[in-house]
Amino acid sequence: MMHSRLARSAHVLHNSALRWLALVTVSLVGVRAANAQSSPDSSAPLKRETIRGVVFDSLAFEPLVSAFVVARPSGQSTTTDSLGRFTLLTEGEVREVQVYHDALDRMGMGALGLARPARAENWTNLYVATPSLATLWPQLCESKRPRGTRSVIIMGSARLSDNVTRVAGAKVIVQWLPLVQKGDTPEYESVEVLTDSIGNYVACEVEEYVEPSLIALSSEAQSGVVNMSSDVRPIRRMDLILVPAEAAAQRATVRGKVIAGSGAPLRGFAVTIDGRDGQAMTDVDGTFLLDSVPLGSRMLYVRAIGFTPVGQIVEVVEGENATLTIPVSKTVELEGVRVTEKVVLRRDRSEFELRRRAGLGRFLDSTAIMRAPSVRAAIQMQQVVNVQAERGTEFTILGQNGCRAHIFLDGTASDIEMINRLPRANIASIEFYRSAAFAPPRFVAGMTDTCAVAIFWTKYGLRP
C-alpha cells in the first residue's frame with residue numbers, strides 16, 4: 001500500500017461541512033427570507049437598474065474570468081471579462097447577484113452570492129469575492145495554519161458505488177512527493193483523516209503545488225487510487241467512490257468523446273482506464289467505449305502522438321454512467337526546421353538546451369504555462385521566485401528577499417511591463433535562477449546585486 005514518512009491523523013467534526021456550506025451561502029439565505037416577507041406589487045412599474053461590479057478569486061489572487069453572473073429575481077445574466085468585470089442591465093430591482101464558475105465547483109463552493117443591503121436605493125460597483133484562505137482555514141481545519149506556507153486543503157465526500165450511500169468512518173489517505181527532497185531517496189509525505197457521520201472529510205496541511213494521490217478505505221469498502229493535478233488555488237474538492245466487497249466483481253461501461261480545444265472530434269486516440277486491461281480507440285466522431293470497467297474512483301488516460309497526455313478522474317458507479325467529454329491540446333512545438341545533412345542551432349537555443357540538460361536553473365515550458373490559469377499562476381507554482389499581483393492580471397517578480405528580479409526577454413535585458421504585455425501563447429519557455437550568482441554569466445555580467453533572474457523566451461527567440 002502507501003509508504004509515508006509523515007502521517008497525521010485527525011477526526012473531522014460533523015459540523016465542518018455545515019460550517020463550510022454556511023460560509024458560502026449565508027447571503028443567499030438572508031435574501032430568500034427577505035423576498036419571502038415582501039413580494040413586489042405586480043401592478044407597479046418595474047425599476048430598471050444597471051449593476052456593475054468585479055468578481056475576484058481571493059484564493060488565486062486574480063480576477064475570476066468568464067464567470068457567469070445572474071441577477072435575482074429578474075434572471076438577467078452576463079459573463080465577466082478578462083479583468084473580472086461585469087455589467088447587468090435589469091428589468092426590476094436586483095435583490096441578489098449570484099456567480100457561477102467551474103473553479104468554484106472544483107473547490108466545492110457552488111455559487112457565490114451577494115445580497116443587496118437593506119434600504120439601499122442605489123446598488124452598484126459591487127465586489128464579489130471568494131473567501132480567503134485566512135478566512136477558510138479556521139472554519140475547516142482544527143489545526144493552526146502553518147506559518148510561511150499556503151498549505152492546501154482538500155475536502156470531499158466518500159460514497160459507495162451505488163452513488164447514494166455515504167460512508168462514515170472511512171480513512172482517507174492523501175499522499176504526495178514533496179517538491180524539495182531532503183535526501184537522495186524520494187520520500188513521500190501524507191495526511192490521514194476520517195470521514196464524519198455523513199461521509200464528509202477535510203484534509204488540511206497538504207503541501208501546495210504538488211500532485212497528491214488519494215485513496216479511501218473502510219472495513220468493508222475501498223476506492224481506487226486517484227491523482228489530483230496541481231492547482232494554484234489552495235482549496236480543492238475530491239469526492240471518492242468506494243466499492244464494497246460484494247460489488248468488487250461488478251463491471252460497468254464508460255463512454256466518452258475526445259475533442260480538440262475548438263470542439264472538433266479527434267479520431268485515433270488511445271483511451272485506457274486503471275483496473276482494466278487493454279485500450280479503446282476513438283472513432284471518427286471522437287467517441288470511445290470501455291466495457292468491463294471495475295467500479296470505484298478510477299484514472300482514465302487519453303494519449304496520441306503530438307498531443308499532451310490527459311489524465312482524468314472518473315467516478316464509475318453501478319448502472320448508467322455519465323458520458324464524458326475530454327478536451328486535449330496539441331503539444332506546443334517550436335518552429336520546425338528542414339533537416340539536410342545536419343542542423344546548426346542558433347546560439348541562444350543551443351545554450352538554452354545545454355543549461356536545461358545541466359539542470360542549472362528551474363525551467364517552465366509552454367505546456368505548463370498554458371495549463372495554468374495565467375502566466376502569473378504558472379510562475380508562482382515554481383516556488384523559485386515570489387510573484388506579486390498588480391492591477392488586473394499584471395504581476396511583478398520578486399526575489400526571495402523582496403528585491404525586484406532581473407528580467408530578460410529573448411536574451412536581452414527587459415522589464416516586467418514588457419512581460420505583462422506578452423501574449424501567453426507566444427512564450428516558449430521561462431528559466432529561473434534564485435540568485436544572479438547562479439545565472440548564466442552572459443546575462444549577469446556587471447550586476448551589482450544578486451537578486452533572482454527570470455529569462456523569458458518566445459517561440460521566435462528559441463527558433464533553430
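This is a predicted model: local features need pLDDT of at least 70, side-chain atom pairs count only at pLDDT 80 or more; totals for chains, interfaces and linings use all residues.
## Strand β11 and its partners

Strand β11 is joined by six bridges to strand β12 (residues 189–194), and the two run antiparallel. Within this pairing, Q175 has S190 of β12 as its bridge partner.

Five of the six residues of β11 (residues 171–176) are buried, so the strand is largely enclosed by the rest of the structure.

## Nonpolar cores

The largest nonpolar core contains 30 residues, and those with the most contacts inside it are F86, V97, V99 and I153. Helix α3 (residues 133–140) gives the most to this core, contributing four residues. Apart from this core lies another, made up of 28 residues, among them A60, F395, I416 and A452.

The surroundings of F86 can be described in more detail. When residues up to four places away in sequence are not counted, F86 touches I51, R52, G53, V54 and V55, as well as V69, T78, T79, T80, V97 and L126. One of these contacts, V97, is also listed with F86 among the residues that have the most contacts inside the largest core.

## Aromatic pairs

The structure holds six aromatic pairs. One of them is formed by F56 and Y127, whose rings are stacked, at 6.3 Å centre to centre and with 25° between the planes. Because F56 lies in strand β2 (residues 48–57) and Y127 in strand β9 (residues 126–129), this pair ties together parts that are 71 residues apart in sequence. The two residues fall into separate accessibility classes: F56, at 21% relative accessibility, counts as partly exposed, whereas Y127, at 52%, counts as exposed.

F408 and F443 form an edge-to-face pair, with 5.2 Å centre to centre and 70° between the planes. This pair links distant parts of the chain, 35 residues apart, with F408 in strand β29 (residues 406–409) and F443 in helix α8 (residues 441–444). Both F408 and F443 are buried. Elsewhere among the aromatic residues, ring pairs link F352, F363 and W457 into a cluster.

Key. Residues are numbered from 1 along each chain as its sequence is written. Side-chain values use heavy atoms; hydrogens and water are left out. Buried means under 20% relative accessible area, exposed over 50%, partly exposed in between (1.4 Å probe, protein chains only). Two strands pair if DSSP finds at least two bridges between them. A nonpolar core is a set of buried Ala, Val, Leu, Ile, Met, Phe, Trp, Tyr and Cys residues joined through side-chain atoms within 4.5 Å. Contact means heavy atoms within 4.5 Å. Rings of Phe, Tyr and Trp (its six-membered ring) pair if their centres lie within 6.5 Å; planes under 30 degrees apart count as stacked, over 60 as edge-to-face and the rest as tilted.
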